[in-house]
Amino acid sequence: MDAAENQFMMFKDAGLLQELVEESTSAKSIFNACDCEPISNYCEINGDVAVQGNSSTISMVSLRTGIPAGEISWTVKPYVRKENAAAMDLVKSWAVTSMEFLHCDLIQTVPAILFSLGGFSGNHFHDFSDLVIPLYITSRQFNGEVQFVVTDNRHWWISKFRGILAKLSRYNIVDIDQERKTHCYPSMIVGLKYHHELGIDQSMSQLSMKDFRQFLRRTYSLKRAKAIEIGDDARKMPRLLIITRRKSRSFTNIDKITRVASSLGYNVVTMEPNISTSLGSVAETVNSCDVLMGTHGAGLTNMVFLPDNAIVIQIVPLGSIDELAKQDFEQPAMDMELRYLEYKIKAKESSLISKYKADHLIIKDPLSVHKQGWDPVRSVYLDKQNVKLDVKRFRPTLLKALQLLHQ
């Protein structure tokens with residue numbers, strides 16, 4: 001018996017090689033699974049599989065697939081947003097191939113999920129929307145009995161989300177790009193299931209955002225499940241968390257906003273989450289609050305840690321980004337059983353008014369900028385705009401939030 005046959009028999013004797021089925025049925029089941037996700041690159045391989053990091057290759061037994069040994073049957077970049085070229089440029093491509101025998105250096109007894117930490121990772125919104133929530137949807141079915149295999153690894157990302165990762169898998173994370181040995185698994189999922197921005201579609205899953213938020217509370221030992229109910233007790237002071245920003249879309253009159261909110265009866269807290277702030281610390285601070293407000297941006301993602309019935313106030317900057325604001329934060333907030341308020345600034349509240357005249361198209365007709373594409377919109381309205389809230393005009397929004405907390 002030669003070395004290849006010996007490794008094949010070892011894999012078989014380990015009880016991992018599943019019984020062969022009809023070639024056409026097996027191939028059909030694999031390729032249907034690979035093509036079923038409209039937004040993410042996703043494939044379920046329901047049979048023995050070998051993963052080689054140095055060649056970025058995922059191999060199956062050719063007899064199961066009906067595909068000749070050595071042929072590449074599918075190429076995948078295991079990240080969501082498969083239609084977004086900018087994201088996909090930052091994701092390694094993997095080839096799914098067939099082999100006559102599987103050559104295994106390490107044989108695992110649990111399934112694996114292979115996914116990329118490339119793409120838009122590092123942006124807090126995309127960390128949750130593209131990775132954490134899809135990973136929760138994809139892995140929860142295994143109840144921890146699954147190994148995560150990551151490509152395009154970012155060590156800081158693993159460190160940031162270590163608490164969540166440890167609750168979803170009981171096994172060490174494999175940095176497959178650095179592995180010289182071939183890892184074999186009884187089955188594998190390549191890529192992650194994705195439903196929509198910062199959310200879970202219950203028509204596509206038995207899970208919900210309520211389940212996910214409860215999972216986060218258990219993971220970080222968060223104390224509050226529900227926001228304050230003021231009722232008739234005027235002594236109760238709701239906590240208002242203002243998410244501040246430094247580079248763009250920052251509040252230039254934060255002190256004035258704080259004074260007005262305090263005068264209305266809020267206990268005001270400000271926070272600027274950054275890379276040095278632990279996620280556990282952020283989660284505790286957010287969970288201690290009843291109202292979270294901030295300009296449109298990644299900081300609002302932290303609403304996932306709010307208690308139920310808390311209130312999110314999104315400050316929408318100039319730029320006709322209403323649909324983006326709705327998609328990224330309004331709809332997700334409601335799916336999370338949070339209450340949502342929105343405040344759209346006027347031109348006089350934007351720092352852009354100091355750069356352009358009132359009759360400039362950037363001020364009076366933002367949609368004309370949209371016609372030029374996403375890059376100009378992002379550059380002008382997201383990257384180069386700050387906000388000076390008209391506190392008199394904003395005051396009714398704060399009062400509305402108080403009214404909701406009385407209900």
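**The pocket and its surroundings**

Tutor: Domain 1 (43-194) and domain 2 (230-405), with bounds from an automatic or database domain assignment, both contribute lining residues to the largest pocket, so it lies between them. The model is predicted: local features need pLDDT of at least 70 and side-chain atom pairs pLDDT 80 or more, while totals for chains, interfaces and linings use all residues. Residues are numbered from 1 along each chain as its sequence is written, and side-chain values use heavy atoms, without hydrogens and water.

Student: What counts as a pocket here?
Tutor: On a 1 Å grid over the protein atoms alone, a pocket is an open set of points where a 1.4 Å probe fits, with protein on both sides within 12 Å along at least five of seven lines; lining residues have an atom within 4 Å of a point.

Student: Which residues lie nearest the centre of the largest pocket?
Tutor: G122, N123, H124, F125 and A298, out of 47 lining residues. Elements giving two or more residues to the lining include α5 (124-139) and α11 (322-335); helices are DSSP runs of H or I, at least four residues, numbered from the N terminus.

Student: And how confident is the predictor, by mean pLDDT?
Tutor: The mean pLDDT (the predictor's confidence in each residue, from 0 to 100) is 89, and 87% of residues reach 70 or more. Over residues 1-29, however, pLDDT stays under 50. Where pLDDT is low, the predicted coordinates should not be read in detail.

Notes:
Contact = heavy atoms within 4.5 Å.
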